[in-house]
Structure formats: structure tokens, C-alpha cells
Amino acid sequence: MRTTTRTTTGRAVAVLAGVAAAALALTGCSAGGSSSGNGGDDVSGSITLQTWALTPTYTDYLNGVVKAFEKKYPDAKVKLVDQPGDGYADKVLSQASSNSLPDVVNLPPDIALPLAKRGFLQDVAKDDSKLSSTYVKGALAAYNYKGVDGTFGYPWYLNTDIDYWNKTMFTKCGLDPANPPKTTDDLFTQAETMHQQCPDDYLMSRKPGLSDFSLAGVKIINDQGTKFTFANSSKAADLISRYAKAYKDGLMPSSVLNTDYLGNSTLFTQGKVAWTTGGATAISDFEKNNPSLKGNIVVSPALDNPPLYVQGLSVSAKSKHLATAEALASFMTNAKNQEAFAHLVNIFPSTTSSQSDPFFSKDDGTTQGKARVLANEALKTAKNLNPVEANSAMTDFLDQQIALAMKGGVTPEKALQNAQTKMNTLLANG
């Protein structure tokens with residue numbers, strides 16, 4: 001299963017454009033059409049549900065939900081198909097281009113975007129007036145796209161990050177583990193204190209990226225979703241300059257800008273840095289991989305504003321049994337079914353009512369329990385910090401330019417302009 005997918009394929013819109021135009025011309029449908037021409041509210045007929053890398057681990061759960069749905073709607077039948085994790089985005093694009101997209105399909109927001117733009121996905125808000133009162137605001141907003149009217153998915157399961165701090169390193173280096181940084185400003189301040197007290201230890205260990213620009217109040221992309229705009233803000237250049245100075249002053253390991261950089265999570269696990277981010281259950285992996293961290297980790301909310309990672313269920317606008325497909329997507333993502341799933345998996349439900357479930361909201365006195373409660377609370381305000389239009393090729397180029405600026409090879413302004421120009425070219429070319 002996937003909870004943090006970043007697999008948007010820039011070529012997707014181009015691949016789908018011609019097929020969509022032909023399909024819409026033949027069917028007389030518009031993008032995200034209403035179900036009125038597809039059987040109205042008659043929940044019947046055979047449909048296909050496609051999930052992503054959930055079987056065989058969760059086969060029993062999925063079959064149980066399907067069986068319950070068919071019991072509720074005796075005239076409906078559901079065929080479950082699960083696709084492997086690798087190459088899933090390409091598989092979905094191929095299905096759409098050949099008009100064989102399943103009736104209900106597991107899609108994260110970035111993979112759903114090109115399909116929504118070309119009319120392959122149903123605007124589920126047209127037929128479900130309870131969406132906004134049922135699902136976490138940020139999760140639902142993840143399926144609203146710039147330049148496209150509608151909501152193109154039911155939020156299914158969620159995750160977010162919290163912060164993890166090394167208690168021993170904090171105490172040794174003059175910091176209070178009971179009061180770790182709450183904001184990016186705090187992070188820089190405490191990183192300086194750690195460096196002064198312990199020149200060979202580090203609090204910070206990563207470069208900034210688009211999510212950091214978002215947190216700094218930078219407008220990443222225009223309202224139409226057609227052009228990146230982050231280089232137009234002095235705040236973005238100021239942030240890179242701040243990180244560049246911290247790097248030059250020795251506040252982070254030199255390897256941060258190297259191609260062999262291990263990542264802050266690995267460095268944290270190795271006890272080489274005092275901070276990392278991770279999901280609510282990451283502490284188990286930290287302690288497993290380095291037993292000396294057991295009882296030595298402090299958790300706190302993510303800096304500034306928590307990120308949101310979303311998986312959802314979208315409905316094919318070309319489904320022959322649209323009402324049935326919408327009913328299944330709604331049924332699978334209701335509070336009862338989501339809570340049952342989240343009790344099996346290290347995820348969180350997207351339903352607002354589930355946030356009061358003691359399993360997610362009650363601190364059992366352990367660090368693991370506190371981490372789960374913090375993550376659950378964070379989902380109330382969590383949001384997508386990286387625009388779905390930014391694919392991996394774009395962010396990789398941006399990352400290279402930021403590294404170059406932090407080394408002093410170009411000015412932050414020049415690095416940002418180079419990245420923006422390149423990313424806008426990739427965006428325009430699809």
C-alpha cells in the first residue's frame with residue numbers, strides 16, 4: 001500500500017488528451033458528468049474495484065467490505081482487482097487511454113489529476129452532498145484541482161508526519177528535550193545552540209524544498225495550475241540563503257549536499273543527528289534499527305503546519321453503473337469501514353468523526369501512543385504542502401539547484417529562476 005506517493009507523470013495529460021477527446025465526442029459526455037444518465041440512484045449491476053498493492057496482506061478485509069456492500073445492495077456485484085505497487089501510475093494511464101479504467105479505482109491525488117483534467121473521473125460532489133461534513137477538510141481538498149471544477153475522489157486513508165528528537169543529544173548540547181522546536185525559526189535557533197555546545201553534533205540535516213516554501217508563505221503555483229511562481233517571491237530566496245548560511249556555519253553535516261546523502265531519517269537512526277520527521281509509527285523502526293534509542297526519543301507536532309498524505313477512491317466517469325460505483329466508493333470510505341482498516345494498518349481514517357475514536361485520540365502513556373495522538377490531532381489542520389502538478393523530474397531539478405545555491409555556485413535567486421523556468425517548460429510540455 002502507498003501513503004506518500006509522489007508519482008505524477010508529466011506526460012499523462014498529453015497521453016490522455018487525444019483519447020479523452022475522442023471518447024467524449026462519442027459518448028456526448030462532459031468532464032465529470034452527472035450520474036443522471038447512468039441509471040440514476042439504481043445501485044445495481046456488476047462493477048470492478050481496483051486497489052493498489054493491498055493484497056494478499058489485506059485480502060480478507062477487502063473481501064469483507066465487498067461482501068457487506070453486496071449484502072446492503074443485493075442487485076450489485078463487485079469484482080476486486082489489485083495491482084502491484086511498481087508501475088501503478090503507468091498502468092492506470094494505460095487503462096484510461098484504452099477506455100478500460102475500473103469503475104472504482106484507488107488513486108492518490110497526483111495520479112488522479114491528469115485523469116480528472118481529461119474527463120475520465122467523475123465529480124463525486126455532484127451526487128454526494130455530505131462530502132464536506134464527512135471527510136477531513138484537507139483530505140477532501142486534495143481532490144480539488146486548480147483549473148478543474150469538481151471533487152474527483154473520496155478520501156480513503158491518510159497519514160502525516162510528526163517530529164522525533166534525540167533526548168540524549170538535546171541534554172548533552174544545552175537544549176531542553178521537553179521544549180523542542182515548534183517552528184522553523186525555533187529550529188535554526190536551537191541548531192545554533194547545539195553547534196555552540198557540541199560542534200560535532202547536528203540538529204538539522206536536510207535542504208529546503210517546495211514544502212518549506214509553502215510553509216514560508218510562498219505562492220508555489222498560479223491559481224490556474226499552469227505556471228510555477230515560487231521564484232517570484234523574495235521569501236523563497238531568503239529561505240535558501242538562511243539554509244546556505246547554516247550549512248556554511250557548520251549547523252548541518254557536509255554530506256547534506258552530497259550525492260551519497262543518506263537522509264535525515266537514517267542519520268537520526270544512526271544517532272548522528274538529533275531530529276527527523278516520520279509517521280506516527282516510525283519510532284518502532286528507529287528503536288528496532290538502533291536499540292539504544294529506546295526510551296531516548298521525544299515526539300512533538302510537525303514544525304509550522306503538518307503535511308498531509310492522502311490515498312483515495314475515484315470513480316470512472318465512463319462507468320456503466322455510475323450510481324453503483326459511487327455507492328461503493330462512499331461505502332468503503334465511511335467511518336466504520338475506515339476505522340476497521342486503520343486498526344489493521346498504520347494509517348488514519350479520513351472521516352472527521354473517526355478523530356474521536358479512542359484508538360487514535362487517547363494517549364496510553366507510551367511514546368508510541370503519544371505519537372499516534374499527535375498525528376491524529378495534526379490531521380485536523382494538515383494540508384498538501386507540495387502541489388500535485390510538481391512531479392519528481394521537476395522536484396529533482398529544483399533540489400539540484402538548491403544544492404548548488406547552498407554551495408555558493410549560484411545565487412539563490414538565480415537557482416530559483418533556473419528551476420522555475422525548467423519546471424514550467426516541463427509543465428507546459430506535459
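Two strands pair if DSSP finds at least two bridges between them. Strands (E, at least two residues) and helices (H or I, at least four) are DSSP runs, numbered from the N terminus.

This is a predicted model: local features need pLDDT of at least 70, side-chain atom pairs count only at pLDDT 80 or more, and totals for chains, interfaces and linings use all residues. Residues are numbered from 1 along each chain as its sequence is written, and side-chain values use heavy atoms, with hydrogens and water left out.

I will start with the sheet. Strand S4, residues 154–159, runs antiparallel to strand S8, residues 309–315, and five bridges join them. Within S8, Leu313 stands opposite Tyr154. The open sheet has six strands in the order S2-S1-S3-S8-S4-S9, and its pairing is mixed. Strand S2 (76–83) and strand S9 (348–349) are the edge strands, each pairing on one side only. Helix H3, residues 88–97, packs on this sheet and touches strand S1 (45–52), S2 and strand S3 (104–107). Contact here means heavy atoms within 4.5 Å. The direction of H3 makes about 155 degrees with that of S1. Axes are lines fitted to C-alpha atoms, for helices over the stretch in contact, and angles run from 0 to 180 degrees between N-to-C directions.

Next, another strand pair. Strand S5 (residues 162–166) and S7 are antiparallel, with five bridges. Asp163 has Ser300 of S7 as its bridge partner. S7 covers residues 297–301, and four of its five residues are buried, so the strand is largely enclosed by the rest of the structure. Buried is under 20% relative accessible area, exposed over 50%, partly exposed in between (1.4 Å probe, protein chains only).

Now the disulfide, meaning a pair of cysteine sulfur atoms within 2.5 Å. The structure holds one. Its sulfur atoms, from Cys173 and Cys198, are 2.2 Å apart. Cys173 sits in the loop between helix H7 (167–172) and helix H8 (184–197), and Cys198 in the loop between H8 and helix H9 (210–215), so the bond ties together parts 25 residues apart in sequence. The torsion about the S-S bond is about -110 degrees, so the disulfide is left-handed. Cys173 is buried at 0% relative accessible area, and Cys198 is also buried, at 9%.

Last, a helix pair. Helix H17 (residues 392–407) and helix H18 (residues 412–429) pack at about 170 degrees, their axes 9 Å apart. The two are therefore roughly antiparallel, the term for angles over 145 degrees. Among the residues that meet are Phe397 and Leu398 in H17, and Ala419 and Met423 in H18.

Definitions and conventions
Parallel < 35°, antiparallel > 145°, perpendicular 65-115°, else oblique.
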